[in-house]
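I opened this model to look up its helices, charged pairs and cores. My notes follow.

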Amino acid sequence: ILFWMWNKEYKGVMDFELLNRLYFVGFVPGVVIVLLLETALTVLFSVVCLSDQLDFLKHQWESSTLSQGDSFASDSISVPPGLAFKRTIGYFVFLFLMAFVVAALVEETVKYFIASRGKNSNSSCNLVRVQMWLLYVVTPTLGLSTMENVGFVFRGGIEQQLSEVVVEVIERVVVSTPMHCMTALLIGFGLAKREFYHQKISTFKILALPVFFHGTFDFVIFVILSFN
């Protein structure tokens, strides 16, 4: 898709090698940065918001471990069932923070800095159209989204049924990736206003709408899943 867009509209005015570099920056370093930040914040928010459930969770973990003693002694190791959480106020605060801070703020900020810092470090990158800014921001976003999709699709391991993998792929391609691209377009519009039209617009204003839409998207999903 990126090659088709570049070949149709920007061939000769935008270096396709630059788009490749941006894609792989989102695919590898971007994912590593996101993973480290999200892991640290998840642990922090878990301790703060779910401290009242530690004994409850510990009891579940010990029960599941004891019930699987025979499995661990055999050749096939079964995965313990997921832990259940009490739907307390702290739990929903935790979901809110996971959606708006851990997922939305971290990922949209990484997208923003990959695009803005990448442009500043490439003196040969001449984005003479607003649409080129949009493509410039969407490209590393697709790299980040690709790696995220791979992680979600194979999170169940090799024991997943093929039908489960297919459903997960469809959900990610139809829903998640377009959402990431939409928020990237919003960031692209903001950067274009600042760099192309020379409007005074802060980083906070550029990230506000993308973080809001991304966070709302994730929070609704988290709440729905919490009742299943």
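Is Thr141 buried or exposed? I looked it up first. Thr141 is buried, with a relative accessible area of 1%. For this term I used under 20% relative accessible area as buried, over 50% as exposed, and partly exposed in between, with a 1.4 Å probe and protein chains only. Thr141 sits in helix α7. I listed its contacts (heavy atoms within 4.5 Å). Leaving aside neighbours within four places in sequence, Thr141 is in contact with Lys111, His180, Cys181 and Ala184.

Ground rules. The model is predicted, so local features need pLDDT of at least 70 and side-chain atom pairs count only at pLDDT 80 or more, while totals for chains, interfaces and linings use all residues. Residues are numbered from 1 along each chain as its sequence is written, and side-chain values use heavy atoms, with hydrogens and water left out.

Overall layout. I found nine helices and zero strands. Helices (H or I, at least four residues) and strands (E, at least two) are DSSP runs, numbered from the N terminus. The protein has 228 residues, and 38% of them count as buried. I checked contacts with a separation of 6 or more: residues 24 or more positions apart account for 78% of them. The protein exposes about 13700 Å², and carbon and sulfur atoms supply 68% of that. The areas come from the Shrake-Rupley method with a 1.4 Å probe; for residues, only the protein chains shown count as cover.

Salt bridges. My search of the whole structure gave two. The test is a side-chain nitrogen of Lys or Arg within 4 Å of a carboxyl oxygen of Asp or Glu. Glu108 pairs with Lys111, the closest N and O atoms being 3.0 Å apart. Both lie in helix α6, three residues apart, about one turn of the helix. Glu108 and Lys111 are both buried. The other entry joins Arg172 and Glu148 at 2.7 Å, N to O. That pair links distant parts of the chain, with Arg172 in helix α8 (residues 162-195) and Glu148 in helix α7 (residues 130-153), 24 residues apart. Arg172 is buried at a relative accessible area of 10%.

Glu107. I placed this residue in helix α6 (residues 89-121). Not counting residues up to four places away in sequence, Glu107 touches Val34, Glu38, Leu144, Glu148, His180 and His214.

Cores. A nonpolar core is a set of buried Ala, Val, Leu, Ile, Met, Phe, Trp, Tyr and Cys residues joined through side-chain atoms within 4.5 Å. The largest one has 31 residues, and Ile187 and Leu191 have the most contacts inside it. α7 supplies the largest share of this core, nine residues. I also looked up Ile187: beyond residues up to four places away in sequence, Ile187 touches residues including Tyr112, Val137, Ile206, Leu207 and Pro210.

Helix α9. This helix covers residues 203-226, 24 residues in total. I got 33 Å from its first C-alpha to its last, close to the 34 Å expected. The expected span is 1.5 Å times one less than the number of residues. Its buried residues include Ile206, Leu207, Pro210 and His214.
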